[in-house]
Each structure stands twice: as C-alpha cells, then as structure tokens.
Amino acid sequence: MNNQYLKENIATIKQRITSACQRAGRSVEEITLVAVTKTVDSDIVNQSIALGICDIAENKPQEIVRKHDLIKGPVNWHMIGHLQSNKVKQIIDRVKLIHSVDRQSVVDEIEKRAAAHHKVIDILVQVNIGAESQKSGVAIADVKALLNYIEACRHIRVLGLMCIAPFMADPEQVRPYFKQMKAIFDEVKAMPLQNSKIEILSMGMTDDFEVAIEEGATMIRVGTGLYGARNY
Ligand SMILES: *Cc1c(COP(=O)(O)O)cnc(C)c1O
C-alpha cells in the first residue's frame with residue numbers, strides 16, 4: 001500500500017460523506033469519521049494520521065495495547081469490538097470512547113477500573129438492532145434499563161448508541177435498521193438522565209455509511225474503504 005493509494009481512499013470516503021450529507025440536508029461537521037485499523041500495519045496507520053485521520057478504532061483490547069506505542073501523533077482511540085470484562089483494565093487509560101458496552105457486568109468492570117484511575121470514561125451502548133443471536137449488543141427492549149443502570153455509575157458517561165447492522169447485499173436493505181436505531185436514539189435522548197449526554201449515534205461501515213448518514217448517524221466506522229480489504 002502506498003501513500004497515494006491511501007490519499008485517494010481518504011479523499012473518496014470524504015467525498016462520499018459530503019454527498020450523503022448533501023442528500024440528507026446535513027452538514028459534514030456533524031459526522032465524525034472513525035478509521036477502523038484492525039489488522040492494518042502501524043506504519044500505514046501512521047501514514048493515514050499524517051494525512052489527517054484523527055480517530056482510529058480497534059476491535060481487540062490486545063491490539064490497542066500493542067499498537068498504542070507504535071502510533072504517532074495525537075489521535076483518539078476507539079474500542080469497537082466485543083469487550084470481555086477481564087480485558088477492560090488493559091484499555092481503560094488508552095481509549096477515548098468505548099462503543100461496545102452491552103451488559104451490566106461490563107458496566108460494573110468499567111466503573112471499577114475508571115474509579116481506580118480517577119477518570120470518567122465515555123461510552124456508547126451497543127444495540128443488537130437486528131436481534132442476531134451471533135452479534136453483541138443489548139436487546140432493543142433492554143436499552144433503557146441498561147441506561148438507567150449506568151446512571152448510578154459515577155465514573156461512566158454515556159454519549160450515545162452504537163450498532164452493527166445485519167449484513168445485507170444491498171445497503172438499501174439496511175435502511176430500516178438505521179431508521180429504527182435513530183428512533184431509539186431519539187427516545188433515549190428524551191430520557192431524564194443526569195450522567196449522560198446523548199449525542200453520538202455510531203452506525204455505518206464502508207458499504208452502508210451513506211445510508212447511515214441519511215438516517216442520522218453522527219459517527220461512522222470505516223475500515224475497508226480506507227485501507228483496502230482485510231485478508232481474513
Ligand atoms: C471491522 C469493523 C468496521 C469496519 O468495517 P468495514 O466494512 O471494513 O468498513 C466497523 N465497525 C466494526 C464494529 C467493525 O468490527
């Protein structure tokens with residue numbers, strides 16, 4: 001992979017974001033592009049940072065630990081993968097935002113570790129919007145209960161919701177799921193929560209982020225579109 005390829009990919013993704021925002025009557029400033037760097041060599045990640053990427057995401061805690069010292073420049077780290085409670089301590093002082101909080105046990109662990117670091121950790125609650133048994137995420141019916149549970153945590157602040165839509169050959173087929181996420185997001189925003197500041201809706205990946213933006217995403221997570229296909 002060379003610098004020119006990376007430069008063109010970044011420009012293409014930005015153009016796609018701009019077009020989707022224009023169609024939706026939204027401003028590009030409303031959208032945060034998070035570059036998904038899983039399996040991507042740290043040199044390439046550093047090149048992309050030099051080209052203006054400022055948010056990067058990994059789906060495995062051990063990769064955040066391994067890459068943390070290899071990545072140069074001020075960058076925001078995002079944890080987007082399934083989180084086991086026993087891994088929370090590895091990432092607690094390394095990440096800006098955890099997208100994948102989906103159950104009480106992991107909330108308890110984040111609260112405990114954040115308290116020990118005298119920090120308040122920003123998180124998103126991951127929703128299993130397609131009710132897929134193989135996917136992480138809290139069930140739609142349990143979202144509000146989990147948010148109310150987190151209210152008691154002094155070291156956690158909920159900034160919004162995240163989902164991974166079901167895989168569909170045609171991104172248009174994913175639209176109803178994004179629409180439903182936006183509706184849940186609006187409901188959650190209207191809840192009288194004291195410790196939350198609901199403003200981020202993390203949804204949309206390389207193949208479907210335009211649809212996600214049209215339906216209200218404020219944060220998109222793009223890997224393949226920036227770095228090319230992963231070989232796994
Ligand atoms: C890998 C991954 C992405 C990025 O997927 P692409 O199709 O490569 O853009 C986004 N979100 C999550 C949670 C991922 O694991």
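This is a predicted model: local features need pLDDT of at least 70, side-chain atom pairs count only at pLDDT 80 or more; totals for chains, interfaces and linings use all residues.

User: Which residues surround the ligand?

Analyst: The ligand has Val36, Lys38, Ile80, Ile164, Met205, Thr206, Arg221, Val222, Gly223, Thr224 and Arg230 around it. By class, that shell is made up of 5 nonpolar, 3 polar and 3 charged residues.

User: What about polar side-chain atoms, say on Arg221 and Thr224? How far are they from the ligand?

Analyst: For Arg221, a polar side-chain atom sits 2.9 Å from a ligand nitrogen. Thr224 has a polar side-chain atom 2.5 Å from an oxygen atom of the ligand. Thr206 belongs here too: an N or O atom in its side chain is 2.4 Å from a ligand oxygen.

User: And how much of the ligand does the protein bury?

Analyst: The protein buries 90% of the 390 Å² that the ligand exposes when taken alone.

User: Which pocket is that space?

Analyst: The ligand takes up the space of the largest pocket.

User: OK, switching to cysteines. How many disulfides are there?

Analyst: The structure has 0 disulfides. Take Cys163: the nearest cysteine sulfur belongs to Cys21 and is 17 Å away, whereas a disulfide needs the two sulfur atoms within 2.5 Å.

User: Is Cys163 buried or exposed?

Analyst: Cys163 is buried, because its relative accessible area is 1% and the cut-off for buried is under 20%.

User: Where does Cys153 fall, buried or exposed?

Analyst: Cys153 also counts as buried, at 7% relative accessibility.

Notes. Residues are numbered from 1 along each chain as its sequence is written. Side-chain values use heavy atoms; hydrogens and water are left out. A residue is near a molecule or strand if one of its heavy atoms lies within 4 Å of it. A polar contact is a pair of N or O atoms within 3.5 Å; within protein, one must be able to donate a hydrogen and the other to accept it, and residues adjacent in sequence count only if both atoms are side-chain atoms. Accessible areas come from the Shrake-Rupley method with a 1.4 Å probe; for residues, only the protein chains shown count as cover. On a 1 Å grid over the protein atoms alone, a cavity is a set of points where a 1.4 Å probe fits but cannot get out, and a pocket is an open set with protein on both sides within 12 Å along at least five of seven lines; lining residues have an atom within 4 Å of a point. A molecule sits in a cavity or pocket if more than half of its atoms lie within 2 Å of its grid points. Ala, Val, Leu, Ile, Met, Phe, Trp, Tyr, Cys and Pro count as nonpolar, Asp, Glu, Lys and Arg as charged, and the others, Gly among them, as polar. Buried means under 20% relative accessible area, exposed over 50%, partly exposed in between (1.4 Å probe, protein chains only).
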